[in-house]
Amino acid sequence: MSLFSMTGLVMKWLLRKPYTSRYPFEPRQPLAGSRGTLGVTMAACAFCALCAKRCPTQAIEVDRAAKRWTIDRLRCIACNCCVEICPKKCLEMKTAHGIPTVTKDRETFS
């Protein structure tokens with residue numbers, strides 16, 4: 001490669017917009033079709049516990065008597081099995097990612 005063709009290539013790369021994003025400085029945009037966090041609409045939930053039975057990691061617990069729905073975010077692998085089986089369609093997989101979880105807290109919905 002000659003010096004002149006290499007200089008032209010370097011100038012082209014310098015003047016072009018970068019392919020990557022500046023992640024810490026610019027927020028990451030969610031991709032269409034990507035799985036982020038599991039969302040639940042408690043007003044539509046029938047507490048049938050089908051989602052808890054279908055969950056491969058046992059991340060969901062449903063208490064019918066207390067009408068309580070609990071998820072362990074550290075165990076959830078966002079496989080979408082619970083969303084597919086829900087008869088009331090009260091579960092949805094949101095594309096936006098939540099904040100990182102570092103403790104073993106469980107989210108409880110009533």
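Two strands are said to pair if DSSP finds at least two bridges between them. Helices (H or I, at least four residues) and strands (E, at least two) are themselves DSSP runs, numbered from the N terminus. The model described here is predicted, and local features need pLDDT of at least 70, side-chain atom pairs count only at pLDDT 80 or more, while totals for chains, interfaces and linings use all residues. Residues are numbered from 1 along each chain as its sequence is written, and side-chain values use heavy atoms, with hydrogens and water left out.

The strands come first. Strand β2 (residues 60-63) runs antiparallel to strand β3 (residues 68-71), and 4 bridges join them. In this pairing isoleucine 60 stands opposite isoleucine 71 in β3. β2 and β3 form a hairpin with 4 residues between them. In the turn, lysine 67 has a positive phi of about 55°. On β3 there is also a pairing with strand β5 (residues 107-109), again antiparallel, through 3 bridges. Here isoleucine 71 stands opposite glutamate 107 in β5.

A pair of aromatic rings is described by the distance of the centres and the angle of the planes. Rings of Phe, Tyr and Trp (its six-membered ring) pair if their centres lie within 6.5 Å; planes under 30 degrees apart count as stacked, over 60 as edge-to-face and the rest as tilted. A search of the whole structure finds 1 aromatic pair. It is formed by tryptophan 69 and phenylalanine 109, and it is tilted, with 5.8 Å centre to centre and 50° between the planes. The pair links distant parts of the chain, since tryptophan 69 is in strand β3 and phenylalanine 109 in strand β5, 40 residues apart. For accessibility, buried means under 20% relative accessible area, exposed over 50%, and partly exposed in between (1.4 Å probe, protein chains only). Tryptophan 69 is buried because its relative accessible area is 2%. Phenylalanine 109, at 23%, counts as partly exposed.

Isoleucine 60, in strand β2, counts as buried because its relative accessibility is 5%. Contact means heavy atoms within 4.5 Å. Leaving aside neighbours within four places in sequence, isoleucine 60 is in contact with residues including Leu38, Cys51, Trp69 and Ile71. Isoleucine 60 and arginine 75 are 15 residues apart in sequence and 8.9 Å apart in space, C-alpha to C-alpha.

Proline 30 lies in the loop between α1 (3-15) and β1 (37-40). Proline 30 is partly exposed because its relative accessible area is 41%. Leaving aside neighbours within four places in sequence, proline 30 is in contact with Thr95 and Ala96.

On a 1 Å grid over the protein atoms alone, a cavity is a set of points where a 1.4 Å probe fits but cannot get out, and lining residues have an atom within 4 Å of a point. Grid points are joined across faces, edges and corners, and a volume is the space filled by probe spheres set on the points. By this rule there are 2 cavities of 30 Å³ or more. Of the 14 residues that line the largest cavity, the closest to its centre are Cys45, Cys48, Cys51, Cys86 and Cys90. The second largest cavity has a volume of about 60 Å³, and its lining includes Cys55, Pro56, Ile77 and Met93.

Notes. 1 Å grid on protein atoms, 1.4 Å probe; cavity = no way out; pocket = protein on both sides within 12 Å on 5 of 7 lines; lining within 4 Å.
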